Amino acid sequence: MVQKTEKSSLVLIVHNVRSALNVGALFRTADGAGVTRIILSGYTPCPHSPPASIISQAVFLTKAEKSLAKTALGAEKNIPWQKTTTLRKTLTALKKEGFAVVALEQHQKSV
């Protein structure tokens, strides 16, 4: 059994991905790839996360939450995730923790 250390952890940052279906697919792929944490930023939709006080009550999901959950197939419950409003501060904090940052962007002007 391989023991995970902080140096071997992988964090996925999903920034400004509009489609809840794509975010759900990223959760599912990240789960299979061994990602230890997902950070959602910008207008990226989030999974539903009910407060502990309403677990026994009926839960109503938005269309985006339903789409994300349907595509993620439960992976959104397996991987810790957080929502951030300031991507720059998040990247700075990760660099201070010793993470190397690698970016992938699909755009005609991306570098």
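We start with the sheet and then turn to the helices.

This is a predicted model, in which local features need pLDDT of at least 70, side-chain atom pairs count only at pLDDT 80 or more, and totals for chains, interfaces and linings use all residues. Residues are numbered from 1 along each chain as its sequence is written, and side-chain values use heavy atoms, with hydrogens and water left out.

Strands of a sheet pair through backbone hydrogen bonds, either parallel or antiparallel. Here three strands form an open sheet in the order β1-β2-β3, with parallel pairing. (Strands are DSSP runs of E, at least two residues; helices are runs of H or I, at least four; both are numbered from the N terminus. Two strands pair if DSSP finds at least two bridges between them.) The edges are β1 (11-15) and β3 (81-84), each pairing on one side only. β2 (residues 37-41) joins β3 over four bridges. I38 stands opposite W81 in β3.

(Contact means heavy atoms within 4.5 Å. Axes are lines fitted to C-alpha atoms, for helices over the stretch in contact; angles run from 0 to 180 degrees between N-to-C directions.)

α1 (residues 20-33) also meets α2 (residues 63-72): their axes come within 7 Å and cross at roughly 35 degrees. Residues in this contact include F27 of α1 and L68 of α2.
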